[in-house]
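Work through the exercises below with the structure open beside you, and try each task before you read its solution.

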There are 4 protein chains.
Amino acid sequence: MDIKTSQPKLEKSADRHSKEQLKKRFKEIRDFSIHLTEPLEKEDYVIQAINNTSPTKWHLAHVSWFYETFVLEKALPDYESLHPQYSYIFNSYYLQTGEPHTRSKRGLLSRPSVDEVLEYREYVNGQVLAFIEGATPEEIAEFGPVIEIGNHHEQQHQELMVTDFKYMFAQNPLYPKYKELNHPKGSPPDSLNWISFDEGIYEIGNDGGEYTYDNEHPRHRKFLEPFVMADRLITNGEFMEFMEDGGYERSPLWLDDGWATVNERNWDSPLYWCKRDDGWYHYTLGGLRKVHPHEPVTHVSYYESDAFARWADARLPREAEWEVAAGDKPYDGNFVEDNKFHPRPLQQNTDGLKQMYGDVWEWTMSAYEPYPGYEPLPGALGEYNGKFMCSQYVLRGGSCATSETHIRKTYRNFFYPDARWQFNGIRLAKNI
Amino acid sequence: MDIKTSQPKLEKSADRHSKEQLKKRFKEIRDFSIHLTEPLEKEDYVIQAINNTSPTKWHLAHVSWFYETFVLEKALPDYESLHPQYSYIFNSYYLQTGEPHTRSKRGLLSRPSVDEVLEYREYVNGQVLAFIEGATPEEIAEFGPVIEIGNHHEQQHQELMVTDFKYMFAQNPLYPKYKELNHPKGSPPDSLNWISFDEGIYEIGNDGGEYTYDNEHPRHRKFLEPFVMADRLITNGEFMEFMEDGGYERSPLWLDDGWATVNERNWDSPLYWCKRDDGWYHYTLGGLRKVHPHEPVTHVSYYESDAFARWADARLPREAEWEVAAGDKPYDGNFVEDNKFHPRPLQQNTDGLKQMYGDVWEWTMSAYEPYPGYEPLPGALGEYNGKFMCSQYVLRGGSCATSETHIRKTYRNFFYPDARWQFNGIRLAKNI
Amino acid sequence: MDIKTSQPKLEKSADRHSKEQLKKRFKEIRDFSIHLTEPLEKEDYVIQAINNTSPTKWHLAHVSWFYETFVLEKALPDYESLHPQYSYIFNSYYLQTGEPHTRSKRGLLSRPSVDEVLEYREYVNGQVLAFIEGATPEEIAEFGPVIEIGNHHEQQHQELMVTDFKYMFAQNPLYPKYKELNHPKGSPPDSLNWISFDEGIYEIGNDGGEYTYDNEHPRHRKFLEPFVMADRLITNGEFMEFMEDGGYERSPLWLDDGWATVNERNWDSPLYWCKRDDGWYHYTLGGLRKVHPHEPVTHVSYYESDAFARWADARLPREAEWEVAAGDKPYDGNFVEDNKFHPRPLQQNTDGLKQMYGDVWEWTMSAYEPYPGYEPLPGALGEYNGKFMCSQYVLRGGSCATSETHIRKTYRNFFYPDARWQFNGIRLAKNI
Amino acid sequence: MDIKTSQPKLEKSADRHSKEQLKKRFKEIRDFSIHLTEPLEKEDYVIQAINNTSPTKWHLAHVSWFYETFVLEKALPDYESLHPQYSYIFNSYYLQTGEPHTRSKRGLLSRPSVDEVLEYREYVNGQVLAFIEGATPEEIAEFGPVIEIGNHHEQQHQELMVTDFKYMFAQNPLYPKYKELNHPKGSPPDSLNWISFDEGIYEIGNDGGEYTYDNEHPRHRKFLEPFVMADRLITNGEFMEFMEDGGYERSPLWLDDGWATVNERNWDSPLYWCKRDDGWYHYTLGGLRKVHPHEPVTHVSYYESDAFARWADARLPREAEWEVAAGDKPYDGNFVEDNKFHPRPLQQNTDGLKQMYGDVWEWTMSAYEPYPGYEPLPGALGEYNGKFMCSQYVLRGGSCATSETHIRKTYRNFFYPDARWQFNGIRLAKNI
């Protein structure tokens, strides 16, 4: 039986910035990172399989560096880091805080060892908790929100850790398991239903009643033409139809960049798939396993999602359409706390939109752009979002590797159109 | 004295698809390509200096291939090409018409010679004109619009020829001149004035009263927040202020991709600029010349334009904003027919928006995306626009290398954010 | 009927450094370069198809720059170059004479035009001839030998021009002909005969009675074990047996670097070969043509030659073995003056070693190393040979693109083991 | 005090192939690999810092795979591997035994874990020892020599493990120590003395009285001109003189390939050196440490060694010269059993050749070529040496990371001319 693990959802009404809440959330999130690494051997913490991924060891230390740099060093004039050199090694891209260690070389560092990184985490934990405990109201007002950013930052890296484990293990001809997984069954999904939405001026973005990133602001108006959206995600079975229909060999289905990528990288199926005599298999965090036709397809790039949509005589949704469609649906779904580590089949053929949250991030056709009136946070924290608003596409809804306390309707995830190592999938839309 | 050369603007009211008009426009445009190559030596026709550029010889033949493939071969059952192999060599990216010769190898072809290419052009000219002459009204209805696409296609390649000459000559330590240029003077521009536009739902895109590409359709509604737009282009002098203020060395000014590009390619100024003891020079089609501070800055990438805007506490316009601002201004400006081959300084400090057409293409902050309800043309002609709608940015307004009969308010040009070899420049906008 | 063209062989007895001889040889060699380019269009002079090759225009100018730099500028205090910038563009690798223009960018230069390069050649010709005419005996003693180096340098570039034409035309899907070629027939060659040579200490290298490069010196002693050498070159037919026997697919036949190269570059036959329905064809300077089984195989790398030898249960000769075997055979063979531009089949099945000179350069198994006691020429002329003595292999005997007045028994040609664009071929040897 | 560790030298007279000796040597060598890894953390076993290096885990398993493949699987018809997939992962380049796992991906394998690899080693150890124990005389005759190859193969990988640790730790900005090292002092070395050797025909190569690789055979005759050889290695102090004299900036000192390499990789000192305010430091296995001027220079490429020699008006020795010079000197020196892990300064200014064995491998100017009459071992074992005889240079004498029971006078080590991560150094020679 699956049990929801220890990262409970924060009630919206709670005073998120009370000392109590700050400490509670901080501890929960810090513990959850350790929880995720429990199945690993020490050898698993070291490897950076491609430039996009990072060693687990690095993730664990980098999120600690974040609190150290943006809270402890700013709030505590006499703060001493456990190892001053760590601030060089574990910076990622915050150029305003100093030159970071080259991203592509994170996999060259066998030291600090896992134990030393865990010691570093403990040290930072103690310092942050002591700081909160002793902080004045003014300090809480100033640094409470930064700690909260740090918490959400760590949750993002928790998702990356999961996807990076997967990428690393999948390169290994032995196909090691992250852990034994219980893959839930579902009933065969009905054919797609199309839910209609009217034209109109909609309010898009977040009004700030909950934790948000700067890129969800400001709330603003957007005119949308009428559209329909598919009621569920595209399945492996549907994607195999596309493949069997020559999807990967027919240039008219593809964007020009996509077609070049398909040919350069010899793509003929989603990432992690391989063909055996008795059909398609894919690597999951529970090992190599036959592709289940009812599960949502995942590990597809924007290019593949777009080509699939064209083949299906549809298109991907705009991000504003997705947000409008999401309406006030509850944030239910298959999240990392569910311990599935894999998208699950549709549970029931109910009416209306299904699978909007969890399972897989849904590619939208919207380039990642600033909202009208967008202002990044001041200083180095402003490097969190704005500087990536170029050549990437927005994804919505969270995945089986996302924390349920991290997702929200207005959350804008983004990746380059060739990215496949995240749990990314497909929902279709159409013009009317 | 500058004289407008032979490519007169088509009156909007003319029956564009009458046999007379079709032949007239076809001949004018075909002649203008030859006119542009008059200053060249035969050796200049051969070189492909980078993958983005093509040999002049190739441009001249490729645009002929277009008529052959989409008109002659379809309309004339017994059509025989002068050289059947040319259809392989001179295809560019129309995958549905057969596998094209690899783009990166266009510069390996010394044959067909320039004379053979000109012979091929003459052959196609004769065939197209004879076809129009003898065509039934049904044939005119079917192929007249395709010939018109071919004409505009050739105009686009005329612009590319000019920018590709420039790129090639600029690589040569001898800095050969394309021709002697007369660089007009202007008076010092006033500081930027900001023209205001109201919020509202605007109609964007073309309603079809003139020649258009498919990507300008359908005309649709868009909500815009209020904004202001700079009344003129950014000058070399203003860009040098940015450079002197450390613009190329300050990471917070840059998009992440932009900062990586600046460092990988060691950019410290616009393309074609080089520093001498007495200041900055740049290669122009009239040779190496001191940078004139009042001319519009050009040969800047999206990254540089965006960084400049951030430095100036402004932003680039959205493409819809640009189109709204353009309103019904006449398509006046410094175009290729003006024989300047270089952006000219602001002529007069008049009120209102200036330099909207001609001189330089203006980067917008809008990713190149399909308009709501967009449908590409059917068949291979549909490869003209839609498949490039990914990771590129829209530019508006035309340049000194664009034909004045080719530009219009709704025209959407697009390039990757690192592209600098086109005459691209900067206009600023702001939120209110 | 083939006629030997204008580059007569110099009698050994002639006073090579008399003014008369110096002028005669200089003019003959300079004229021969022009003779080789007669079949070209201007467009053919511009292209650098790969980094190894150079544009014809560049070759013609570079060899002129050599005389200018090492004779005229040194001998004539007031010498003025026609275009001072040419010394930058047309230097190749003589670092001691200044930084050369990057090799890989030679194909970006459409100017100086062919006519300008020819004008430059004429200018240098006039200056060199006038210098010889007016030179003192001391000047002749000093610069006569340098002019002679320049002549031989130009002859080397004549061979490169021929091989570079071939490489360029072979990239063109139209397969243009350099000229109509008359491919001579021969009778089927007998199976290989093995000629024996005794062990002993042999004198290797040149004693200076004729023109030589520094790398042929000093004459020195070398002990050789007994060996046998094949009496003729390997033919296309024999090489096709290797191919049909899986030669390109069997790793044990290959050096490790060779096997990696075969797989990275997808080699399955000599350069310029392509398979058609009715068998193998290859591009020759006379156009695409069916592979003739009796012609010597050519355009094979060291790796392929070595693998062939292993397959044939033999090895390649050592360079000293080749020199010993060559003995005092006359320098007869199929050279560039024969206007074949292609290796010809064995003419007659006579006794003894055949095809030692001309047709194809013969790969030896000897790395290109300095002879014991080797001293490079002083100054920049010392960059001619010595600095390349690393990771290259020696070839012997000259090819159908070599001048018969350029070859000699002790001549050491050298290329990297992956080089295929020269007329390189195979002769086998064995231990006893 | 330094103590020689557990790998005693085998007496020449011993019956190397007796069961007793075979077991003894096998155990000693297998244990020594484990001894070398004792200072490591588990995280240190995983990383492949560059393509040339391999993870420690991989080395430990690969050498076991060797015994499994060439002894156990051949000798024992029912042999079962502990994990059949290991034969794919831990093959290196033996193509005749199946396609090996791509070299560049060895660093992607976190599993099998270190513990699993050690279990695999134990399993193989047990199997090999049991096989020896129960073998018939015929089996000993057949597989005894193969086990001996396996032992020497493991010793080579022991050296690679040491150099690969060093490379990995040196990439880490924390400069971790492999272990605390005791760097012995020495007295300032006298200036170079040149020892003379006569011209003559010398016997080169091994006559088989001791364990040898196939590449040391056959013993053969070679004529040498007279030469002198420096009596000791070049020191850091002498190499710094070269650096201070502009050694890395003066193109005439360098081979052409070397000069290109210096510029592409921005070399300005030996590998692992970095400049601080108070002079040059280098990473040693004992941590970052000031460069000691009396220690032999090491981690220099062939290019640097050759350039240094040219600067010093000398040359590198030929490999035959080195072998002649070594004469019957005992194999004394600073080897891996001495636990120095670093070349030590000259201990005493005695007469005659010093430092011929141990400390650093000495680059020779001889390309790695087969000896006259060379025959590789049959089958896959023949891939050990012969297929690398291309574009590499021979080094002689062993280093501080070599086992003293592994080196001998006729031992031919070889690396590409750009290799720097081995303990390679410089001894000079001259013509007379």
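**Exercise 1.** Find the ring over which the charged end of Arg106(C) sits.

*Solution.* Keep in mind that this is a predicted model. Starting from Arg106(C), we find that its charged end sits over the ring of Trp58(C), 3.6 Å from the centre of that ring. In chain A, the charged end of Arg276(A) likewise sits over a ring, that of Tyr281(A), at 6.0 Å from its centre.

**Exercise 2.** Decide how the rings of Phe26(B) and Tyr67(B) are arranged, and which parts of chain B they tie together.

*Solution.* Over all chains, the count comes to 132 aromatic pairs. For the pair in question, the ring centres are 4.9 Å apart and the planes meet at 85°; because an angle over 60 degrees counts as edge-to-face, the pair of Phe26(B) and Tyr67(B) is edge-to-face. Next, we place the residues: Phe26(B) lies in helix α1 (residues 19–37) and Tyr67(B) in helix α2 (residues 56–75) of chain B, so the pair ties together parts that are 41 residues apart in sequence. Finally, both Phe26(B) and Tyr67(B) are buried.

**Exercise 3.** Determine what relation holds between chain D and chain C.

*Solution.* First, chain D is superposed on chain C by a rotation of 180°, with 0.0 Å of shift along the axis and an RMSD of 0.0 Å. This is therefore the relation of a two-fold axis.

Technical notes: Residues numbered from 1 in each chain as written. Chains lettered and ligands numbered in written order. Predicted model: local features only at pLDDT ≥ 70, side-chain atom pairs only at ≥ 80, totals over all residues. Heavy atoms only, no water. Least-squares fit on C-alpha atoms with pLDDT ≥ 70 in both. Phe/Tyr/Trp six-rings, centres within 6.5 Å; stacked < 30°, edge-to-face > 60°. Helix = DSSP H or I, 4+ residues; strand = E, 2+ residues; numbered from the N terminus. Buried < 20%, exposed > 50% of the residue type's maximum accessible area, 1.4 Å probe, protein only. Lys NZ or Arg CZ within 6 Å of the ring centre and 35° of its normal.
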